[in-house]
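Student: I have a structure open and would like to go through it with you. Could we take it piece by piece?
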Amino acid sequence: MKTLIKKTTAKLLLLTLCFTLSNCKKDDTAALSPEAQLQLQLTKGLEETLKPLNGSDPSLSSTDLSILDNLGQAKIVGMGEATHGTHEFFQMKHRIFQYLVEKQGFRYFAFEYDFAACLSLDYIIQTGQGTIAEYMKENMKFWTWKTEEVQSLFEWMQNYNRGKPDNQKIHVIGVDCQFTSFSIVQLIALLQIYDANYANVIKSRIGFYANSEFYKNQTFSTIQAVRAYVLPILIQIGEELKLKAAAITQATSPETYQIIQQLYLNITQAEILQYSTIINDSNSQLFRDQFMADNTFWIFNQFGDGKIAIWAHNGHVAKDDAYINNSGFSMGQHLKNKYGDNYQVIGFSLGEGQFNSTSNTSGKLEVFTIKEPQVGSINELFVTPKANAYIVNLSSLSLKNNWQARLKSLQPFLTLGSLFDPSKLSYYFQPIILQDQFDYIIHFDKTTASKFL
């Protein structure tokens with residue numbers, strides 16, 4: 001936009017001139033500037049398409065989510081977030097997953113957290129033995145997920161499963177792979193069932209890394225020597241597990257052997273990520289997205305009769321690589337390439353508000369505020385007088401006047417991860433082709449920060 005007039009001010013002016021476009025006289029609209037007329041058309045098209053939300057509270061009725069009924073045809077649904085610290089985003093994803101479970105038959109919740117860590121969590125959710133609160137206090141490493149909103153979702157899953165047969169229960173399965181601590185402990189524990197002596201051999205080889213991670217305190221200049229020691233051990237373990245496949249399966253079960261193999265895979269994935277991070281490899285993010293996609297493939301292959309909802313950042317679930325600088329595939333693009341239209345994505349947008357993030361300058365966790373969306377951004381266009389919170393189907397919106405040009409061309413759209421520098425706000429309004437990324441957008445005009453435990 002050429003003008004610096006804020007869209008909210010422009011809308012007030014337009015609403016003063018006419019309450020709706022249909023009630024405006026021809027002379028009224030003709031008197032407006034071309035920019036104001038375009039804004040009226042965009043706002044009218046958005047308001048005709050969007051479905052207002054009653055709010056984000058998971059206890060609300062699900063009647064306002066009927067626009068998502070078509071997701072029942074999908075096998076995998078990605079649920080994003082524009083920040084890692086927004087209360088409304090987290091609550092809304094709880095609402096959506098609850099809806100997908102109760103109305104669409106979804107059974108698997110793929111979480112942006114380590115596979116092994118989620119094994120323990122899933123055990124609590126399945127059996128009811130133990131409390132979610134205690135688990136999160138002791139095992140949740142990321143501040144992003146150590147919140148009341150995430151705890152509430154897991155507690156709902158636990159309560160949903162009570163009294164149900166196993167084939168009707170819902171599961172949480174981790175698709176991330178950043179730590180070795182959980183994976184190594186779980187691997188050794190499961191191998192104890194097969195052969196205590198062999199489990200102790202594995203413990204003697206890699207048990208140390210359950211507490212220290214592979215490359216803790218290593219630097220660019222020291223890590224190569226450590227890796228030269230670590231890699232041969234991991235390769236040897238992998239070869240042994242393949243040779244022992246039949247014996248382990250017979251002593252435990254086919255399912256247990258598959259979990260053992262997945263734990264080993266996660267350990268090797270974590271090693272690559274930790275190494276890449278320290279040597280400042282620009283491919284480290286690409287590795288992580290590839291691994292998260294691979295881990296989702298594993299879930300789908302293991303439980304082919306179940307539908308999967310994925311909780312991750314907008315950038316991970318997005319259907320193309322724009323979020324990682326066009327240098328490789330996002331997790332979502334891997335999923336799209338494999339499953340086509342059976343993979344659907346819900347992205348999240350905000351106009352203004354508070355959120356939690358780690359300061360990019362101080363390194364401390366803080367509450368930040370965005371006072372208004374960037375002028376000319378998609379976020380600004382999504383602010384409308386009709387609804388403070390809503391869902392919109394982007395395919396339907398693209399049929400409205402002038403919207404296709406916005407949705408199918410590069411436009412600024414807010415996305416930020418676990419680090420934030422408020423002095424560089426414009427950096428976080430990244431140019432993306434929105435309709436190539438998402439199928440639906442959930443927008444909140446104003447947000448609040450997530451609530452830490």
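Student: In which loop does E213 lie?

Tutor: This is a predicted model, and in it E213 lies in the loop between α10 (209-212) and α11 (223-243).

Student: Is E213 buried or exposed?

Tutor: E213 counts as buried, because its relative accessibility is 15% and buried means under 20%.

Student: And what is the phi of E213 near?

Tutor: The phi of E213 is near 65°. That is a positive value in a residue other than glycine.

Student: What about N280, what is its phi?

Tutor: N280 is not a glycine either, and its phi is positive, about 60°. N280 is found in the loop between α13 (254-278) and α14.

Student: Buried or exposed, for N280?

Tutor: N280 counts as exposed, because its relative accessibility is 65% and exposed means over 50%.

Student: Let us turn to helices. How does one describe two packed helices?

Tutor: One gives the angle between their axes and the distance between the axes.

Student: Then what are the angle and distance for α4 and α7?

Tutor: Helix α7 covers residues 148-161, and helix α4 covers residues 87-104. They pack at an angle of about 15°, with their axes 9 Å apart. Helix α4 is therefore roughly parallel to α7.

Student: Is that crossing left-handed or right-handed?

Tutor: The crossing of α4 and α7 is right-handed.

Student: Which residues meet there?

Tutor: From α4 they are H87, F90, Q91, H94, F97, Q98, V101 and E102, and from α7 they are E149, V150, S152, L153, W156, M157 and Y160. By class, this contact of α4 with α7 has eight nonpolar, five polar and two charged residues.

Student: How do α9 and α11 pack?

Tutor: Helix α9 (residues 196-206) and α11 pack at an angle of about 160°, and their axes are 11 Å apart. Helix α9 is therefore roughly antiparallel to α11.

Student: Left-handed or right-handed this time?

Tutor: The crossing of α9 and α11 is left-handed. On the α9 side the contact is made by Y198, I202, R205 and I206, and on the α11 side by I233, L234, Q236, I237, E240 and L241. These residues divide into seven nonpolar, one polar and two charged.

Student: At what angle do α14 and α16 cross?

Tutor: Helix α14 (residues 284-302) and helix α16 (residues 331-339) cross at roughly 40°, and their axes come within 8 Å. The two helices are therefore oblique to each other. Their crossing is right-handed.

Student: And which residues are in contact there?

Tutor: D289, Q290, M292, A293, T296, F297 and F300 in α14 meet M331, H334, L335, K338 and Y339 in α16. The residues of this contact divide into seven nonpolar, three polar and two charged.

Student: New topic: how many residues has the largest nonpolar core?

Tutor: The largest nonpolar core has 128 residues, and F111 and F154 have the most contacts inside it. Helix α4 contributes the largest share of this core, eight residues. As a general background, nonpolar side chains tend to be buried together in soluble globular proteins.

Student: What is F154 in contact with?

Tutor: Leaving aside neighbours within four places in sequence, F154 is in contact with F109, F111, L121, I125, I132, M136, M140 and V172.

Student: Where is L65, and what does it contact?

Tutor: L65 lies in the loop between β1 (51-52) and β2 (76-79). L65 is buried, with a relative accessible area of 0%. Apart from neighbours within four places in sequence, its contacts are L53, M92, R95, Y99 and I391.

Student: How far apart are L65 and I96?

Tutor: L65 and I96 are 31 residues apart in sequence, and 7.8 Å apart in space from C-alpha to C-alpha.

Methods. Residues numbered from 1 in each chain as written. Predicted model: local features only at pLDDT ≥ 70, side-chain atom pairs only at ≥ 80, totals over all residues. Heavy atoms only, no water. Axes fitted to C-alpha atoms, helices over the stretch in contact; angles between N-to-C directions. Helix = DSSP H or I, 4+ residues; strand = E, 2+ residues; numbered from the N terminus. Parallel < 35°, antiparallel > 145°, perpendicular 65-115°, else oblique. Left-handed = near helix turned anticlockwise from the far one by under 90°. Contact = heavy atoms within 4.5 Å. Nonpolar A, V, L, I, M, F, W, Y, C, P; charged D, E, K, R; others polar. Core = buried A, V, L, I, M, F, W, Y, C linked by side-chain atoms within 4.5 Å. Buried < 20%, exposed > 50% of the residue type's maximum accessible area, 1.4 Å probe, protein only.
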